[in-house]
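I am opening a notebook on this structure and want to record what I looked up, entry by entry.

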Amino acid sequence: MNNQPERQEVIKESSMLMQKEMIAANYEKLTSAPETGQKVAATYVPGNLNELIMCFDMLNNLPEINAIQNGMRKKSGAMIQDAEKMGHSEDVCTYVKADIGNMAKGAIAPNGKPMPVPDLLLLSYTGCFTFLKWFELLRDQYGCRTAMLHVPYEGDGVITKNARDYVVKQLKEEIIPTFEEVSGVKFDIDRLRENLKNSAKAEDDFVWVLESAKNKPSPIDAYFGGVYYVGPIFTAFRGTTDAIDYYKILRGEIEQRIAEGRGPITPEGEMKEEKYRLVVEGPPNWTSFRDFWKMFYDEGAVVVSSTYTKVGGVYDYDNFRHDPDRPLESLADYCLGCYTNRNLPMRVDMIEQAMEDYQADGFLINSIKSCNSFSAGQLMIMREVEARTGKPAAFIETDLVDPRYFSPANVKNRLESYFQMIDQKRAGGSPSRAA
């Protein structure tokens, strides 16, 4: 006899249903590519040049998104173990191992159909060395063309003219010619301008959505709910009218919640009371995503700002928008400004600003065991933010899509202790650091 309580059906709004349909349709296009003859480019979320890819009538396949989809479907664990049996280390990014393990079994998409072999691997290098090695593995597996857009690291905290010109030169002399050769489609800069115009329109509403968390209560959760909000802007839809429509619908839903004084929607319904407002650093855990989220909303904790919503582009902090009047320069600035391409002092400044702007009670880091681009320097970030703001900070550790590194009891205990720290701080005490 099963004595486990029956899990409530996930509550979904119109925008979530629309996004689900968009993602499903994109996978159908991808898996139908061998029959339709449409060419496929594979690329990554940070530095994703979707507006440019669409200029060549090519589809965009993102390996991280495939790994996330398999993680949320609880299929990634077996894929990771298969990759480790093939010789890949336990310390390797689990997105990579989930992808490699999936390829070993035929690279099956979430719709159950085989993924197409990419015609072009577009590596837009934005602060994560693993991307370079990942595409080497994919190139060896598929034997397809590879184009690398090298994006200089923002070591000094500014986008210099030399860095921008360097990226634009690569776009003109290497990336665009390669796309023309692979796709058979001539580059049309006016088509790119139109795509960038669409991006900027969607980005306006996207930023409005993120900044709606300044309300009390916040109508959104900018971390767990945020993973849905960033979907179209981070992936194969930025630059499309579908993305514009999605963010218009999403904004309308949130405007209504603000007018009614309601909090965010969780998988089990509306959050009734906002007790804690948090800023969170690091990606979420995908294999236990719903259980992870539940630990927060059971305590009345709402994430009002997160660094994860800046991985695919920083639109709110810098007020960046794709600019159709500066098409190639705009693409360069976008790649240069991605969160993982920024130095640690810049990240601390962004987090400190978010703590103030969103009137957060505390700062929490979810350190990802296999993600060096996020995890490096996080203890320093935590201590610096705590010193600057005087707000309690805490540190937990999970992983991206490896279920072996999500310990529910441990995470729950640390979160409960952290919320007690916030309560003590509010009461005038001096909580010890939770490092």
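Predicted model: local features only at pLDDT ≥ 70, side-chain atom pairs only at ≥ 80, totals over all residues.

I looked up the strand order and found an open sheet of four strands, β2-β1-β3-β4, with parallel pairing. Its edge strands are β2 (59–61) and β4, each of which pairs on one side only. Ignoring direction, I noted that neighbouring strands of this sheet are turned by 25° against each other on average.

**Entry 2, pairs within that sheet.** Strand β1 (residues 40–42) and β2 run parallel and are joined by three bridges, and in β2 I found N60 as the bridge partner of A41. Between strand β3 (residues 120–125) and strand β4 (residues 145–150), also running parallel, I found six bridges, with Y125 partnered by H150 of β4.

I then asked which strands helix α1 (residues 14–31) lies across. They are β1 and β2, and α1 runs at about 105° to β2. Helix α8 (residues 161–183) also packs on the sheet, where it touches β1, β3 and β4, and its direction makes about 165° with that of β4.

The axes of helix α6 (residues 94–104) and α7 come within 11 Å and cross at roughly 5°. Angles under 35 degrees count as roughly parallel, and I therefore describe α6 and α7 as roughly parallel to each other. On the α6 side I listed Y95, V96, D99, I100 and M103 in the contact, and on the α7 side T130, W134, L137, L138, Q141 and Y142.

Why does the distance between the end C-alpha atoms of α9 agree with its residue count? At 1.5 Å a residue, the 23 residues of this helix (residues 189–211) should span 33 Å, and the ends are 32 Å apart, which agrees. At its N-terminal end I found D188 as a cap, with a side-chain oxygen 3.0 Å from the backbone nitrogen of D190.

Four strands form an open sheet in the order β8-β7-β9-β10, with parallel pairing. Since β8 (301–306) and β10 (393–398) each have a single partner strand, one side of each is left without a neighbour in the sheet. Strand β7 (residues 276–281) pairs with strand β9 (residues 362–368) over four bridges in the parallel sense, and V280 stands opposite L364 in β9. Helix α18 (residues 408–426) packs on this sheet, touching β7, β8, β9 and β10, and its direction makes about 170° with that of β10.

Technical notes:
Residues numbered from 1 in each chain as written. Heavy atoms only, no water. Expected span 1.5 Å × (residues − 1). Polar contact = N/O pair within 3.5 Å; in protein donor to acceptor, adjacent residues only side chain to side chain. Pairing = 2+ DSSP bridges. Axes fitted to C-alpha atoms, helices over the stretch in contact; angles between N-to-C directions. Parallel < 35°, antiparallel > 145°, perpendicular 65-115°, else oblique. Contact = heavy atoms within 4.5 Å.
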